[in-house]
Amino acid sequence: MYEQPYNPFLHNLNIVKDYFKSKSVLALAILNIASVVISVITSVASTGLVRDIMSSVATFFEENAVVINGRTEEMDRVVKALRDASASPATMSVSGSVSAFSVLTIIALFIIYTKSNSTKSTDSPAAGVTLMYVIAIISLVGSVFAVLGMLIAAAVMFVLYAQFKNQSISSAVFRVGNYSITVNDTLILALAIVFVILFVIVAAVTLFYTINRVRYIGSIRQSMNSVELSRKGAKPYGVFCILIAVSSAVNILSSISSLIFGKTALKELGLELTGDYTGLMIVTIAANIVSLAVVILQAKLALGYANYIDEKKYGYNEPAAPAAYAPINAGVGTTSTQQNPYSYLAQPKTEAPAEAFTNPYLDTQENDAPEQKPAICPNCGAAVDGTAPFCGNCGTKLP
């Protein structure tokens with residue numbers, strides 16, 4: 001059999017896999033499926049309601065709008081567009097509710113979850129992460145174009161104000177039910193200023209979100225394909241997801257309010273609805289609840305990933321150093337090294353007891369006493385036993 005190619009980044013890959021094998025990834029994929037299904041149901045349920053609204057708006061423009069200086073062709077085109085939109089088939093509404101990005105995101109999440117739970121070292125969630133990264137980049141590009149579109153719309157508002165100011169366009173009066181609105185240069189200027197303020201806020205928020213989303217997913221790719229673990233963008237993205245969760249909670253409350261009071265308010269504006277308004281609002285509330293759960297899980301995964309990488313990089317809660325790195329005199333006059341795996345570097349060296357030291361290249365120990373010479377009788381000079389009290393040759397008493 002052929003040997004598997006060596007992967008120098010296998011350690012970091014396993015670290016990433018250990019994190020994304022969490023059930024939270026699977027739950028996020030399932031919630032995205034639920035979001036798509038609810039979007040389809042909402043589109044089907046709202047088809048009749050949207051047609052009613054567009055038809056009523058077209059009628060309102062025809063009957064109640066007064067345009068000075070004979071500018072009726074533009075209004076006719078607006079009315080015609082509203083009539084055509086109200087007659088569009090339901091399939092167009094359903095197809096528009098399910099984006100390719102939603103389906104690809106679900107596929108990517110399932111790939112990440114299944115590959116992360118695989119015990120094979122060759123299995124990697126890189127394909128799912130790369131797919132998420134591509135989606136994030138496309139979203140960033142789309143956000144840039146959206147910001148440019150808002151910038152153009154703001155410029156158009158100021159051009160329109162200039163035309164009203166120069167009297168090239170006179171004021172117009174719109175009557176909505178029992179209310180009337182006079183459109184003049186002052187109103188256009190106020191709307192333009194408000195629009196610019198909202199544009200700056202929306203542009204900053206949108207770019208912040210999409211840029212940090214790209215950085216966050218890119219850091220996961222970098223961690224799997226390099227010797228350095230990275231968490232760039234994870235914390236900002238997670239914090240922003242929390243802010244989105246707060247906004248989703250507000251939307252839920254707003255949807256509940258619309259369910260209770262919305263139909264009455266529309267009738268006061270002269271918009272008669274024939275669709276199931278109550279059913280539509282119930283589905284809308286369900287969609288907002290799912291959206292809230294999705295962003296909460298996204299925040300949990302992003303912030304958890306940042307903390308997880310910090311622990312792996314900086315040694316928080318890491319196990320103690322292997323025994324091979326422990327000092328010889330561990331436990332003798334020193335403190336425990338369980339809390340710091342590198343404490344052996346700072347421990348003072350101590351000498352082993354002299355009597356326990358042996359030299360493997362000598363036949364005797366270095367601390368042995370010098371070899372004793374045989375005892376000699378002081379009288380006759382004969383060699384005697386050092387333990388005997390008398391000389392065995394002459395009988396002299398030995399000292």
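**Group meeting: a predicted helical model and its pocket**

The mean pLDDT of this predicted protein is 74, with 61% of residues at 70 or more. pLDDT is the predictor's confidence in each residue, from 0 to 100. Ground rules next. Since this is a predicted model, local features need pLDDT of at least 70, side-chain atom pairs count only at pLDDT 80 or more, and totals for chains, interfaces and linings use all residues. Residues are numbered from 1 along each chain as its sequence is written, and side-chain values use heavy atoms, with hydrogens and water left out.

Where is confidence lowest, and where is it highest? Helix H4, residues 90-97, is lowest, at a mean of 49. H5 is highest, at 93. Over residues 90-94 the pLDDT is below 50, and this stretch has 7 contacts beyond near neighbours in sequence. Contact means heavy atoms within 4.5 Å. Residues 317-354 also stay under 50. The model has 19 contacts for them beyond four places in sequence. Where pLDDT is low, the predicted coordinates should not be read in detail.

Now the fold. The protein has 9 helices and 5 strands. These are DSSP runs, numbered from the N terminus: helices are H or I, at least four residues, and strands are E, at least two. In sequence order the pattern reads α-α-β-α-α-α-α-β-β-α-α-α-β-β. Of 399 residues, 29% count as buried. Buried is under 20% relative accessible area, exposed is over 50%, and partly exposed is in between (1.4 Å probe, protein chains only). Take the contacts with a separation of 6 or more: residues 24 or more positions apart account for 68% of them.

Which helices supply at least two lining residues each? They are H2 (23-64), H5 (100-116), H6 (126-165), H7, H8 (234-268) and H9 (277-314). By class, the lining has 20 nonpolar, 10 polar and 1 charged residues. Nonpolar covers Ala, Val, Leu, Ile, Met, Phe, Trp, Tyr, Cys and Pro; charged covers Asp, Glu, Lys and Arg; the others, Gly among them, are polar.

Some single residues. Ser219 sits in helix H7, residues 185-224. Ser219 is buried, at 1% relative accessible area. A polar atom of its side chain lies 3.5 Å from the backbone oxygen of Lys232. Outside four places in sequence, Ser219 touches Ser230, Arg231, Lys232 and Tyr305.

Next, the loop between H5 and H6. Ser118 is in that loop. Ser118 is buried, at 18%. Its side chain makes a polar contact with the side chain of Asp123, at 2.4 Å. Such a contact is a pair of N or O atoms within 3.5 Å; within protein, one must be able to donate a hydrogen and the other to accept it, and residues adjacent in sequence count only if both atoms are side-chain atoms.

Ser124 lies in the loop between H5 and H6 too. Ser124 is partly exposed, at 23%. Its C-alpha is 8.7 Å from that of Met224, 100 residues apart along the chain.
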